[in-house]
Structures are given as C-alpha cells and as structure tokens.
Amino acid sequence: MRKHILLSNDDGYSARGIEALYEALSDIADVTVVAPETNHSGASNSLTLNRPLAIRQAKNGFYYVNGTPSDSVHVALTGLVDKKIDLVVAGINNGANLGEDTLYSGTVAAATEGFLFGYPAIAFSLVEREWPHLDAAAEISQYIVKKQLEKPRQSPMLLSVNIPALASHDPNNIRITRLGRRHPSQAVVPTISPNGETMYWIGSVGNVRDFADDTDFGTVQNGHVAITPLDLDLTHHDEIELTQRWIHS
C-alpha cells in the first residue's frame, strides 16, 4: 500500500522549498500539505491559543493555515487529515538550521509537533538561502525519506537534516552528526519609527564556536549532508543530584 506523508514548513505554503519537496516526495508516496499561510521563520514551537485558526486550500491542493508551523501540523493531525499518516516531513527550509538554530526553527518545530504525537518526523534545511541547487536538495531529501518509508525505525525518531548547496549529492556523502554550538547572538539593532519611537531589530546570529568534524556545522562546512537525531528530553540529568543537595543544604 502506498505510504502517506504529511508535509509542512515555516516559509509558507507558496515557498519554493515546499513545492520542490512536494514534487520529489509525490513520486514515492501520497503527500498532504498543511503549511502556514505566511513566513514564520523563528516561530519555534509556538501554538496560537488566543484566536481560532482558519484553514484554506490553494488551487494546487495545498492547505494553508493562518498560524504557525506547529499550528499547521497540530491541526492536520488532530482534525483535518483523516487518512493514516506514516511520516511527518518539514521543509525544505530557506537556510540552515544548525546548532541552537534548532530551538528557534519553525521548520524543526513542524517536525517536532509530529514527533510529539508519536510520528516519525524529518526536517530538511538547505544551508544557503534562496534555495541554490534546490533540485539536488530535493533529490537527497527524497532518498532519506524513502529509506524511512522502506525501512521504518522501530520507534519514532526526529531528525534534522541540513543539506549543503551542491549541484548533486551522493548518499555516501551523508554523515550522522551532533549539534554544534554558536557564541551568543549579536546585540539588537536600534531604529527609529516614523513617529519617533525607538524600536529594535533582533541582532544577527553569533559566531560558531563548536564546528568539529562530527558536528552539523563542521559536516556541512566540509560539503556533507548532516543528519542530526534530536531528543526532546531537556532534563539535565547530571544536575539532578547536585541540585537536590543544593536546595536542601
């Protein structure tokens, strides 16, 4: 039986990345697209709780939601899509999601929402912005998705995949990595509004401080596709006993 994929993103339902990924995945599975109406880069895992959400369908069949990436997947899984879903996919993102970017990324959040509901989930990001060599990125994404559909893992997994902008990709070019680290972001940039009010732009991301060969940063810098398995347990297990002694001392 043909598998069924739920596809979302954070760049919006009309973004080039999701269109290319839809075409690639439609060759190997049935694909339902439920994505944000507009760009929600940096939305992380936010859900819209202060208003109802509207769902509309574009001429190409894509559903779009006037909310966040997490909203889109949440609505799809809990009310919109009736057909059994085998995999949740997000992307292809317009730019990298490396290191701490995964905490802010709406693309990773869309995949994470599927993972929270017990589905295997994969987020795809193209490292350079404006989707250079998008066809090659879609092709390697299809290869990775096909691997999951043909040989599904025993338990659901959450993967963040970062793809360097190369004209072609060899499956042997894939590396399994850990997250690297950046320095703190740069300072906010003040600006003056037309009515004289001081306002602030969030500053640029910080410099990379951990780009060893086994990190996602180092891997894509060396021209390889980086697959990073993610876990949602934020507990600092090594600190439990220390904190217990500290609070009762």
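Axes are lines fitted to C-alpha atoms, for helices over the stretch in contact, and angles between N-to-C directions run from 0 to 180 degrees. All views show a predicted model.

**View 1. Packing of helix α2 on helix α4 in the predicted model.** Helix α2 covers residues 69-80 and helix α4 residues 106-116; their axes come within 8 Å and cross at roughly 25°. Because angles under 35 degrees count as roughly parallel, α2 is roughly parallel to α4. The crossing of α2 past α4 is right-handed. From α2, the contact involves Pro69, Ser70, Val73, His74 and Leu77, while α4 contributes Gly106, Ala109, Ala110, Glu113 and Gly114. By class, five of the residues in this contact are nonpolar, four are polar and one is charged.

**View 2. The open sheet of nine strands.** The strand order is β3-β4-β2-β1-β5-β6-β7-β13-β8, and the pairing is mixed. On average, neighbouring strands are turned by 25° against each other, with direction ignored.

**View 3. Pairing of strands β6 and β7, and helix α1 on the sheet.** Strand β6 (residues 121-126) pairs with strand β7 (residues 158-163) in the parallel sense, over six bridges. Within this pairing, Ser125 has Asn162 of β7 as its bridge partner. Helix α1 (residues 16-26) packs on the sheet and touches β1 (4-8), β2 (30-36), β5 (87-94) and β6. The direction of α1 makes about 140° with that of β5.

**View 4. The aromatic pair of Tyr13 and Tyr64.** Two aromatic pairs are found in a search of the whole structure. In the pair shown here, the ring centres of Tyr13 and Tyr64 lie 4.2 Å apart and the ring planes are at 10°, so the pair is stacked. Tyr13 belongs to the loop between β1 and α1, whereas Tyr64 belongs to strand β4 (residues 63-65). The two residues are 51 residues apart, and the pair thus links distant parts of the chain.

**View 5. The hairpin of strands β10 and β11.** Strand β10 (residues 189-192) and strand β11 (residues 198-201) run antiparallel and are joined by four bridges. Opposite Pro190 stands Tyr200 in β11. Five residues lie between the two strands of the hairpin, and Gly196 in the turn has a positive phi of about 90°.

Technical notes
Residues are numbered from 1 along each chain as its sequence is written. This is a predicted model: local features need pLDDT of at least 70, side-chain atom pairs count only at pLDDT 80 or more; totals for chains, interfaces and linings use all residues. Side-chain values use heavy atoms; hydrogens and water are left out. Angles under 35 degrees count as roughly parallel, over 145 as roughly antiparallel, 65 to 115 as roughly perpendicular and the rest as oblique. A crossing is left-handed if the near helix is turned anticlockwise from the far one by less than a right angle, and right-handed if clockwise. Contact means heavy atoms within 4.5 Å. Ala, Val, Leu, Ile, Met, Phe, Trp, Tyr, Cys and Pro count as nonpolar, Asp, Glu, Lys and Arg as charged, and the others, Gly among them, as polar. Two strands pair if DSSP finds at least two bridges between them. Rings of Phe, Tyr and Trp (its six-membered ring) pair if their centres lie within 6.5 Å; planes under 30 degrees apart count as stacked, over 60 as edge-to-face and the rest as tilted.
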